[in-house]
Structure formats: structure tokens, C-alpha cells
Amino acid sequence: MSDQEQTRPAEDRSPPESEPTPPESEPTSPERSAAPRTPPRAPEAREREAESTRRGPGAEELEDRWRRALADLDNLRKRYARELPREREAERAKVAAAFLPVVDNLELALAHAGADDRGAIVSGVRAVRDQAVEVLRSLGYPRYEETGVPFHPEQHEVVSVVDEPDTPAGTVVQVLRPGYGDPGHQLRPAAVAVSRKQE
């Protein structure tokens with residue numbers, strides 16, 4: 001064999017340059033194999049997350065408003081508790097001041113009680129009584145002492161029943177004590193005598 005023939009098979013054994021060599025497996029770095037990739041989120045999940053992020057400050061603001069409203073309500077309750085006794089006292093003083101002229105006139109009537117003219121004393125006391133009734137009326141409690149009207153349970157309190165042949169049954173025939181105020185808003189009902197049903 002010649003030298004050329006011996007070298008040819010060696011050349012044939014080497015792979016041709018045009019053929020690609022198979023890629024060797026690359027060594028995996030610890031950074032690449034650390035964690036698997038998270039799958040992409042669904043659009044609904046992304047929308048929910050964005051909405052909860054948007055709602056976050058709104059919820060805090062609502063909670064702040066709620067706390068402020070509770071504080072305002074508590075302050076209002078305390079202020080009302082402080083002012084209620086003052087208002088009651090002011091109303092009592094107003095009513096007492098309305099009755100002062102009545103007391104003054106009663107004292108004048110008592111000062112003239114020793115006078116010889118008894119008619120003047122009686123008329124003076126009657127005037128004082130009328131003044132007191134007017135004060136009650138101005139406070140919202142008018143006097144009523146009507147007779148000949150049908151008995152009304154909200155206005156009248158029956159203290160006696162009498163025989164009145166010419167009067168329908170249940171009619172007020174006598175007022176023993178006058179009442180003050182309107183039905184449903186009264187100081188007291190009138191004590192009355194009513195006619196009995198005739199048999």
C-alpha cells in the first residue's frame with residue numbers, strides 16, 4: 001500500500017466539516033434552575049387584583065368617615081345631656097315668671113281683706129282667678145267647664161250619676177272641678193256629673 005492509500009481512510013474517518021456537530025448538553029447554572037416560572041395570570045384575576053388595589057384607599061376613607069361620625073354622635077349626645085337640664089330650668093323659670101303677676105294680685109287682695117267692701121274683695125279675687133286661667137291658656141292648657149255636652153272619656157271624669165228626666169243619658173249636667181287642656185294634651189280632666197239612662 002502506498003502512503004496516500006494509508007492516509008485516506010484516516011481522513012474518511014473524521015467527520016466532514018459541513019455536518020453540524022450535535023450540541024453538548026449545557027451545564028445548568030443554579031440561577032436558571034432556582035424556581036419554575038409562574039404561569040401567566042388569567043385576565044379575571046388581574047382585574048380583581050387591580051380592583052382591590054383601587055378599593056383599598058376607599059375602604060380606609062370610609063372607615064375614617066365612620067369613626068368621625070361616631071365621634072360626632074357621641075359629642076352630640078354629651079352636649080344634649082348637658083343642655084337638657086338647662087332647657088328644663090329655663091322652661092320652669094318661664095312658667096314661674098308667668099305666674100308672678102297672679103301672686104302679686106293675690107297679695108293685694110289679701111292686703112284689702114279687712115276692708116268693709118266685701119264685694120270689692122270678691123271681684124278682686126275673681127280677677128286674679130281669671131288672670132291665672134289666662135296664664136294656663138297661654139301655656140297651652142285652656143280651661144273647660146261646659147255643661148249640656150255629651151260625656152267624653154278623654155275630657156271628663158265621672159264622679160257622680162244623677163237623674164235628669166229631660167236630659168239624654170250620658171250628658172254632662174254639672175262640672176264639679178274644671179279641666180285644663182285639650183283632649184290628649186291636658187293637665188287634668190274635668191270632674192263631672194252625668195245624667196243616668198232612664199228606664
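User: In which strand does His 156 lie?
Analyst: This is a predicted model, and its secondary structure comes to 3 helices and 6 strands. Read along the sequence, these elements follow the pattern α-α-α-β-β-β-β-β-β. Within that arrangement, His 156 lies in strand E2.

User: Is His 156 buried or exposed?
Analyst: The contacts of His 156, leaving aside its neighbours within four places in sequence, include Tyr 144, Phe 151, Val 172 and Val 192. The relative accessible area of His 156 is 8%, and the cut-off for a buried residue is under 20%. His 156 is therefore classed as buried.

User: Which residues are in contact with Tyr 144, leaving aside its neighbours within four places in sequence?
Analyst: Tyr 144 belongs to the largest nonpolar core, together with Val 172, Ala 190, Val 192 and Val 194. Leaving aside neighbours within four places in sequence, the residues in contact with Tyr 144 are Gln 155, His 156, Pro 178, Gly 179, Tyr 180, Gly 181, Gln 186, Arg 188, Pro 189 and Ala 190.

User: How many Å apart in space are Ser 195 and Val 173, C-alpha to C-alpha?
Analyst: Ser 195 lies in strand E6 and is buried, with a relative accessible area of 4%. Apart from its neighbours within four places in sequence, Ser 195 is in contact with residues including Val 161, Val 162, Glu 164, Thr 171 and Val 173. Although Ser 195 and Val 173 are 22 residues apart in sequence, their C-alpha to C-alpha separation in space is 6.5 Å.

User: Which residues make the nonpolar surface patch of about 210 Å²?
Analyst: One member of this patch, Val 161, has its place in strand E2 (residues 156-162). Val 161 is partly exposed, with a relative accessible area of 40%, and patches are made of residues with over 30% relative accessible area. The patch of about 210 Å² is made by Phe 151, Val 158 and Val 161.

User: What is the distance between the closest N and O atoms in the salt bridge of Arg 65 with Glu 61?
Analyst: The structure holds 11 salt bridges, and one of them is formed by Arg 65 with Glu 61. Both residues lie in helix H2 (residues 43-111), 4 residues apart, which is about one turn of the helix, and Glu 61 is partly exposed, with a relative accessible area of 44%. The closest N and O atoms of this pair are separated by 2.7 Å.

User: What percentage of the residues of the protein count as buried?
Analyst: The protein exposes about 16700 Å², of which carbon and sulfur atoms supply 53%. Among contacts between residues at least 6 apart in sequence, 59% join residues at least 24 apart. Of the 199 residues of the protein, the share that count as buried is 12%.

User: Which element has the lowest mean pLDDT, and which the highest?
Analyst: The mean pLDDT of the protein is 77, and 70% of its residues reach 70 or more. Where pLDDT is low, the predicted coordinates should not be read in detail. Among the elements, the lowest mean pLDDT, 49, is that of helix H1 (residues 3-13), while the highest, 93, is that of E6.

Definitions and conventions:
Residues are numbered from 1 along each chain as its sequence is written. This is a predicted model: local features need pLDDT of at least 70, side-chain atom pairs count only at pLDDT 80 or more; totals for chains, interfaces and linings use all residues. Side-chain values use heavy atoms; hydrogens and water are left out. Patches are made of residues with over 30% relative accessible area and no salt bridge: like charges are joined within 9 Å, nonpolar side chains (Val, Leu, Ile, Met, Phe, Trp, Tyr) within 5 Å. Accessible areas come from the Shrake-Rupley method with a 1.4 Å probe; for residues, only the protein chains shown count as cover. A salt bridge is a side-chain nitrogen of Lys or Arg within 4 Å of a carboxyl oxygen of Asp or Glu. Helices (H or I, at least four residues) and strands (E, at least two) are DSSP runs, numbered from the N terminus. Buried means under 20% relative accessible area, exposed over 50%, partly exposed in between (1.4 Å probe, protein chains only). Contact means heavy atoms within 4.5 Å. A nonpolar core is a set of buried Ala, Val, Leu, Ile, Met, Phe, Trp, Tyr and Cys residues joined through side-chain atoms within 4.5 Å. pLDDT is the predictor's confidence in each residue, from 0 to 100.
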